[in-house]
Amino acid sequence: MSFDPGMLHNNGHTAYANGSGPGIRETGVVEKLLTSYGFIQCSERQARLFFHCSQYNGNLQELKIGDDVEFEVSSDRRTGKPIAVKLLKIKPELLPEERISGQVGPDLHAYPFTVLHGYIHPVVSSIPMQLDGKSAPGQMYSGSVCYERNGEVFYLTYTPEDVEGNIHLETGDKVCFYMDTNKHTGAVSARNIQLVKKKQTRCQGVVCATKEAFGFIERADVVKEIFFHYSEFKGDLEALQAGDDVEFTIKDRNGKEVATEVRLLPQGTVIFEDISIEQFEGTVVKVIPKVPTKNQNDPLPGRISARIGHTDKELPFGEKDTKSKVTLLEGDHIQFNISTDRRDKLERATNIDVLPDSFNFTKETREMGVIAAIRDGFGFIKCVDRDARMFFHFSEVLEETQLHISDEVEFTVVPDMLSAQRNHAVRIKKLPKGTVSFHTQSEQRFLGVIEKEATPATPKNASPTKGKEKEAEDGVIAYEDCGVKLTVPYHVKDLEGGYSPQAGDKVEFCINEVKRTGLQSAVSIRVLNRNSSNSRRLHGFVATLKDNFGFIETANHDQEIFFHYRHLCGDVDNLDLGDTVEYTLSKGKGNKVSAEKVTKVAAVNGVGEDIGATVMTGKVIRPIRSVDPSQTEYQGLIEVNEEGASKGQTYPFGIMGMANKSDCLQKGELVKFQVCTVPQTGQKMACNVVPQRRALVECVKDQFGFITYEVGEGKKLFFHVKEVQDGLELQAGDEVEFSVVFNQRIGKCSACNVRRISEGPKPMVTPRPDRLVNRLKSITLDDASAPRLVIVRQPRGPDSSKGFSSERKTRQPGVID
């Protein structure tokens with residue numbers, strides 16, 4: 001539709017009175033009315049015209065001041081001044097007193113009279129927010145509202161004074177208003193405008209929290225969060241999570257703003273802040289409290305002081321602005337970037353990282369220790385200066401290094417915010433190996449005499465029948481320092497060379513002092529001279545190890561001495577067959593001889609010296625006593641069986657004469673050996689004894705098998721498939737070569753290093769006996785004595801029907817239907 005402004009200003013009237021007469025008709029308002037005359041204020045121009053009551057066409061009693069009239073202009077015959085004649089009262093258009101709903105209209109003008117343009121689809125036109133109040137005379141800023149009636153769209157002007165509540169209207173806002181006519185100009189305008197509904201605009205933000213059925217969005221236009229229900233999300237709700245970029249429309253529900261029509265945006269669309277590329281250095285002047293107070297509402301409670309450009313600034317920061325969770329302290333020297341919020345231009349410090357030289361600026365006390373234990377997310381530190389282990393969390397590790405047990409670290413101890421009696425370690429820094437020391441050791445070596453011998457702890461389960469385990473006892477060394485007689489304790493573990501000194505022995509040592517407690521002890525103890533009055537120490541070799549005891553082969557290799565593990569100085573797990581030990585003889589109940597103070601020492605020569613180069617072949621005619629405990633003699637005997645002058649000659653052997661100390665030589669086994677001479681006695685003994693074992697595999701069962709080799713009481717020799725060399729699969733009848741080991745703790749033998757020499761005969765398929773073949777050939781179907789097949793139950797199909805659905809047909813060989 002087109003719009004005529006003249007029709008709006010004249011309320012639809014033409015310039016002719018009732019459409020007749022040649023004179024030019026004007027409109028105006030009765031401004032003054034006396035008994036016989038009055039004055040009219042023209043509507044189309046700035047003029048005030050006189051009129052006589054005789055010129056009014058109508059009942060003069062109905063004419064009142066303010067009435068709209070229509071008239072012609074003539075001249076006073078006496079004075080020549082313009083006067084109004086042929087007055088006619090205009091019946092005013094009755095404007096509706098109810099509120100009309102409309103919308104803020106299109107264009108904005110600042111003319112004395114706003115020229116309006118109509119649109120079928122109204123577009124908002126609002127009054128600008130910034131008015132300087134210096135418009136020219138007769139000029140006023142105005143906007144427009146539009147409404148629809150009878151299918152037509154009408155536009156009305158309005159000014160800021162016509163809006164209720166001092167609200168700034170924006171293009172597209174829904175409003176309600178009253179219509180008003182200017183009595184001077186006849187123009188219709190909107191007044192008492194009230195905002196009904198703001199225009200819906202699409203906003204952006206980031207999902208900051210998700211609950212069971214609703215969530216919250218941090219808006220990108222203002223520093224504010226807005227609620228939304230999951231029913232308003234347009235997309236896959238399972239994919240929605242905190243941190244997603246979204247767009248939404250704001251609506252008012254129950255007096256509160258909510259987000260509706262929420263849709264996902266590509267990640268990175270919404271940007272709240274701009275982060276500087278340049279990094280700055282500063283000092284922490286206020287830290288974030290670990291336990292926030294009830295009255296703390298500041299989301300950025302921390303403060304950093306820095307000089308940026310030529311200006312000193314104090315920047316806030318929050319918990320999320322640090323690169324790591326390491327505790328910050330006042331005075332920390334840090335580096336950071338500056339973040340500027342696009343919404344309110346607030347600057348804050350972010351990407352905060354502690355600089356390596358920060359510990360030089362803070363007043364904290366640094367301690368050292370070693371990682372003692374690590375759990376899931378936390379651990380404990382053994383401190384140099386404290387008795388208790390110190391708790392720490394992985395988030396307190398600097399430089400994002402991964403810690404392991406025994407790593408040396410430096411840290412700061414602070415009280416726990418939840419419990420004042422507890423401390424924990426923070427700001428943990430890994431140190432190079434060898435930096436942390438729990439004690440100091442004197443460089444000077446001291447001389448002293450053993451005043452009290454140290455005894456080791458009884459090993460676990462060493463004697464289940466003899467009460468509680470015996471704890472280790474410290475020994476005491478007496479010495480002089482600057483003429484003053486002193487004593488110092490020592491421990492068995494601090495002895496050098498494995499020798500256990502006895503009372504009266506002269507020793508050399510250093511003094512070690514624990515930093516934490518100041519306690520001193522002797523370390524690096526070396527025996528110089530033994531006291532001649534002490535019992536004589538003997539050497540021997542471990543021959544047998546049982547559950548709680550063992551036997552020692554004497555230095556002459558001709559006897560064995562019993563010892564109990566409680567008399568062992570050291571850990572029994574470190575003791576193996578053939579190890580050289582030092583011991584003292586003692587007599588117990590029943591006048592039985594046993595070894596005490598058994599100490600493992602450095603290995604000495606084997607059986608003897610002067611080993612012959614000839615390798616002989618022989619047969620074991622008597623094993624050593626550890627294999628056959630029923631015999632009285634300890635030594636085993638080997639008889640030479642190869643042709644020559646020495647055939648039939650026998651040579652004794654002990655545990656040290658065997659090439660493999662774990663080997664279990666049985667009576668009757670063939671062996672190869674050499675002959676040596678024992679220096680102490682001059683006795684000839686067999687040494688480097690190697691068994692020559694060959695036998696057949698009796699059977700193989702999954703992961704183990706047995707060899708036809710008797711190891712006592714008619715038992716076959718057990719072996720595991722892992723002991724078969726080259727990963728071969730053995731079968732019954734294969735010939736193998738192997739070694740026999742004797743487990744002294746369980747008293748059983750087994751084969752190891754099993755090597756196949758030759759394969760056994762392949763199993764043959766046994767043919768049917770002739771009698772059975774002849775019997776089958778002689779049977780015919782007509783033979784009454786032949787076996788008969790009797791049908792017990794007829795076949796039945798899946799549908800419970802008897803028989804088969806199709807008959808069986810005879811098929812020709814090689815032909816497919």
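Me: What are the ground rules here?
Reply: Residues are numbered from 1 along each chain as its sequence is written, and side-chain values use heavy atoms, with hydrogens and water left out. As the model is predicted, local features need pLDDT of at least 70 and side-chain atom pairs count only at pLDDT 80 or more, while totals for chains, interfaces and linings use all residues.

Me: Why is M417 called exposed?
Reply: Exposed means over 50% relative accessible area, buried means under 20%, and partly exposed is in between (1.4 Å probe, protein chains only). M417 has 54% relative accessibility, so M417 counts as exposed. M417 sits in the loop between strand 25 (408-415) and strand 26 (423-430); strands here are DSSP runs of E, at least two residues, numbered from the N terminus.

Me: What makes the nonpolar surface patch that includes M417?
Reply: V291, M417 and L418 make that patch, at about 350 Å². Patch residues have over 30% relative accessible area and no salt bridge, with nonpolar side chains (Val, Leu, Ile, Met, Phe, Trp, Tyr) joined within 5 Å and like charges within 9 Å. The areas come from the Shrake-Rupley method with a 1.4 Å probe, and for residues only the protein chains shown count as cover.

Me: How do you know that strand 25 and strand 26 pair?
Reply: Two strands pair if DSSP finds at least two bridges between them. Strand 25 and strand 26 are joined by six bridges and run antiparallel, with P415 opposite N423 in strand 26. Both belong to a five-strand barrel that closes in the order 22-23-24-26-25, with mixed pairing. From one strand to the next, the twist there averages 50 degrees (axes are lines fitted to C-alpha atoms, and angles run from 0 to 180 degrees between N-to-C directions).

Me: What makes strand 41 and strand 43 edge strands?
Reply: They belong to an open sheet of five strands in the order 41-40-39-42-43, paired antiparallel. Strand 41 (650-653) and strand 43 (684-691) each have a single partner strand, so one side of each is left without a neighbour in the sheet. Strand 43 pairs with strand 42 (residues 670-677) over six bridges, and C676 stands opposite M685.

Me: Why is the F216 and F227 pair called edge-to-face?
Reply: Rings of Phe, Tyr and Trp (its six-membered ring) pair if their centres lie within 6.5 Å; planes under 30 degrees apart are stacked, over 60 edge-to-face, and the rest tilted. The F216 and F227 centres are 5.9 Å apart with planes at 75 degrees, so this pair is edge-to-face. F216 is in strand 12 (residues 214-219) and F227 in strand 13 (residues 225-229), so the contact ties together parts 11 residues apart in sequence. F216 is partly exposed at 27% relative accessible area, and F227 is also partly exposed, at 30%.

Me: What makes F446 and F509 a stacked pair?
Reply: Their rings are 6.0 Å centre to centre with 25 degrees between the planes, and that makes the pair stacked. F446 in strand 28 (residues 446-452) and F509 in strand 31 (residues 506-514) are 63 residues apart. Both F446 and F509 are buried.

Me: How do you know that K224 and E257 form a salt bridge?
Reply: The rule asks for a side-chain nitrogen of Lys or Arg within 4 Å of a carboxyl oxygen of Asp or Glu. For K224 and E257 the closest N and O atoms are 3.5 Å apart, and they do form a salt bridge. K224 is in the loop between strand 12 and strand 13 and E257 in strand 15 (residues 256-264), so the bridge ties together parts 33 residues apart. K224 counts as partly exposed at 44% relative accessibility, and E257 does too at 41%.

Me: Why is E367 called buried?
Reply: E367 has a relative accessible area of 11%, so it goes down as buried. The side chain of E367 meets R386 in a salt bridge at 2.9 Å, N to O. R386 is partly exposed, at 29%.

Key:
Helices (H or I, at least four residues) and strands (E, at least two) are DSSP runs, numbered from the N terminus.
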